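Here are my notes on this model, as numbered points. Please read them with the structure open.

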Amino acid sequence: MSSLLRVQGRIGQRTLLLTTAAVPLTGWAVHAVTLHRQLAATRRDPLTGLLRRDSYTARARRLLARRDDLAVVMVDQDHFKAVNDDFGHPAGDIVLAATAARLTAWAGPRASVGRLGGDEFAVVVQVPAALLERRLAQLVRMLHTPVVLEDGRTVDVAASVGAASTDVLGTRDLTVLQRAADAALYDGKHSGRAHLTTAAHTTPPSINGRRAGRPGTAVWGRAA
């Protein structure tokens, strides 16, 4: 009996040691998970869940460096101020969140989808050049689908879309591609269809580094 008690005592001590050792490890694991979530939160826009500008840019550049058949797509909400004025800012937030969800669903998990600010979004996605126009037409249809608010009211929405293909422009420079896609977007603003870039869109007239005519650019030649 005494031998059995000694064996049980040793087992109990080992169990206590293992449990004691596991406590700080568990604490560090919880801390690591919390830290990871906090870091992830700083990378994402709290309203839409999309990548913030810096995180979007970093991921977009990695994609451009590693893959072929890529397109940079710029998206700008049409008449968004009217949504806020007519339905209220909470409704505007719902519209932005819906737009983000649609962009994410359209682009897929391997893309870089970001909210650049306000009602402006950007996507870097892998699409074969032969399919780009069809895929963009699908995106426009998605972005023109009315949004239903929590109280049952329906908001008619629309967005302008411009896209720059690495194959067409012959560059993987994100800045050049975004500038060209942005210029194409504003060429077709409120047209109800996506506009693809040409070589002419790589050198749009600019004021202090911003495309001339873009909202926030003063007519007398100084960026607001």
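1. A cut-off comes first: a residue counts as buried when its relative accessible area is under 20%. Asp78 has a relative accessible area of 7%, so Asp78 is buried. Bear in mind throughout that the model is predicted.

2. Asp78 has a charged partner. Its side chain forms a salt bridge with that of Lys189, at 2.9 Å from N to O.

3. How many salt bridges are found in the whole structure? The search gives six. Among them is the pair Arg115 and Asp45, whose closest N and O atoms are 3.1 Å apart. Arg115 belongs to strand β2 and Asp45 to the loop between α1 (2–43) and α2 (53–66), so the contact ties together parts that are 70 residues apart in sequence. Both Arg115 and Asp45 are buried.

4. Asp151 and Arg153 also meet through their side chains, in a salt bridge of 2.7 Å from N to O. Here Arg153 is partly exposed, with a relative accessible area of 37%.

5. Now the sheet. It is open, has five strands and runs in the order β2-β3-β1-β6-β7, with mixed pairing. Which strands stand at the edges? They are β2 (112–117) and β7; each has a single partner strand, so one side of each is left without a neighbour in the sheet.

6. At the β2 end, β2 pairs with β3 (residues 120–126) in the antiparallel sense, over five bridges. Arg115 has Phe121 of β3 as its bridge partner. Helix α4 (residues 89–107) packs on the sheet and touches β1, β2 and β3. The direction of α4 makes about 10° with that of β3.

7. Strand β6 deserves a look of its own. Seven of its seven residues (159–165) are buried, so β6 is largely enclosed by the rest of the structure. In a regular strand the side chains alternate between the two faces of the sheet. Both faces of β6 are covered: Ala159, Val161, Ala163 and Ser165 are buried on one side, and Ser160, Gly162 and Ala164 on the other.

8. What are the partners of β6? Strand β1 (residues 70–77) runs antiparallel to β6, and seven bridges join the two. Val75 stands opposite Val161 there. Strand β7 (residues 195–196) runs parallel to β6, with two bridges. In that pairing, Ala163 stands opposite Leu196.

9. The largest nonpolar core has 33 residues, and Val73, Val75, Val123 and Val161 touch the most other members. At least two residues each come from β1, α3 (80–87), α4, β3, α5 (129–143) and β6. Helix α4 gives the most, with eight residues.

10. Follow Val73 for a view of its surroundings. Leaving aside residues up to four places away in sequence, Val73 touches Trp106, Phe121, Ala122, Val123, Val125, Leu136, Leu139, Val161, Gly162 and Ala163.

Key:
Residues numbered from 1 in each chain as written. Predicted model: local features only at pLDDT ≥ 70, side-chain atom pairs only at ≥ 80, totals over all residues. Heavy atoms only, no water. Buried < 20%, exposed > 50% of the residue type's maximum accessible area, 1.4 Å probe, protein only. Helix = DSSP H or I, 4+ residues; strand = E, 2+ residues; numbered from the N terminus. Pairing = 2+ DSSP bridges. Contact = heavy atoms within 4.5 Å. Axes fitted to C-alpha atoms, helices over the stretch in contact; angles between N-to-C directions. Core = buried A, V, L, I, M, F, W, Y, C linked by side-chain atoms within 4.5 Å. Salt bridge = Lys/Arg side-chain N within 4 Å of Asp/Glu carboxyl O.
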